[in-house]
Amino acid sequence: MLLLASCNEKTNPETSLHEENPANAEIETEEVLEKDIENESETEIAEEEEEKSIRAPQYVMNPNTYSIEPFGEADPKVVLLTIDDAPDKRALDMAKTLKELGVPAIFFVNGHFIATDEKKTILKEIHDMGFIIGNHTKTHANLKKISEDEQREEIISVNDIVEEVTGERPKFFRAPFGVNTDFSRALAKEEGMLLMNWSYGYDYEKEYMTKEKIADIMVNTELLRNGSNLLMHDREWTADALEEIVNGLREKGYNFVDPNLIKGIEENE
């Protein structure tokens, strides 16, 4: 029996040592845990840095033409899709179409279209699908024809509702009719919003109020070029033509800018 006990101690020196001094086992376990934590932290930091690199701005908006220009090695053959007057009639359908096609866009919303619980639910759904929500004023008023107090209400009230519904304040502002004032420009900057107009748009013109007409002109206009900022609206004919517009632009070799990759006010400063 003594011989057997002696052999066991020789064949399992680690077990014997731990039995004699259990503190050693605890120290080794703590060291392993500390290394695991260090490795996890390093992995998390690396992943965060990689994500930042992927999401870092790659485009800047030209303040004179409102076109989207690349910097660095970003793809220059791109266009930006924007949809105004949402969510009126077909915004959710348009969002679903774009989601299926893998195309990003900015939905510029009006306050009077998100005043009910039903429309707030639609707004939340569009946001949760990954689309950027922009500010298009409360009532679509011509800002040059109203007072500064009224302009403030038109702009700030929309930001407040969008934040209430989505948890985020808009980062882009588009004035109705493309008409800004010194006050609206300053207020948009104060709110951290990049002021945006457009390169071209046609669906509000009577001549193009059919699926066929709007699909053709949006793709074949002579105004289409690298970085074009495309204006569309929450309209029946535009919603029906949206897939054809996207496919037509892709056939011409264009990709679609993720609005998250456009430099905002904070990055510009």
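# Strands, loops and a helix pair

Q: Where does Asp85 lie?
A: Asp85 lies in strand β3. Strands (E, at least two residues) and helices (H or I, at least four) are DSSP runs, numbered from the N terminus.

Q: What kind of model is this?
A: This is a predicted model, in which local features need pLDDT of at least 70 and side-chain atom pairs count only at pLDDT 80 or more, while totals for chains, interfaces and linings use all residues. Residues are numbered from 1 along each chain as its sequence is written, and side-chain values use heavy atoms, with hydrogens and water left out.

Q: Is Asp85 buried or exposed?
A: Asp85 counts as buried, because its relative accessibility is 8%. Buried means under 20% relative accessible area, exposed over 50%, and partly exposed in between (1.4 Å probe, protein chains only).

Q: Which other residue with a positive phi can I look at?
A: His140, which is not a glycine either, has a phi near 65°. His140 is in the loop between β5 and α6 (148–166), and is partly exposed at 23% relative accessible area.

Q: Where's the cis peptide bond?
A: It joins Ala86 and Pro87, with omega about -15°. Pro87 sits in the loop between β3 (78–86) and α4. Most peptide bonds are trans.

Q: How does β4 pair with β5?
A: Strand β4 (residues 106–109) and β5 pair in the parallel sense over four bridges; pairing takes at least two bridges found by DSSP. Phe107 has Ile133 in β5 as its bridge partner.

Q: Helices next. At what angle do α4 and α9 pack?
A: Helix α4 (residues 91–101) and helix α9 (residues 236–251) pack at about 25°, with their axes 9 Å apart. Axes are lines fitted to C-alpha atoms, for helices over the stretch in contact, and angles run from 0 to 180 degrees between N-to-C directions. The two helices are therefore roughly parallel (angles under 35 degrees; over 145 is roughly antiparallel, 65 to 115 roughly perpendicular, the rest oblique).

Q: Which residues of α4 meet α9?
A: Met94, Thr97, Leu98 and Leu101 in α4 meet residues of α9 including Leu242 and Val246. Contact means heavy atoms within 4.5 Å.
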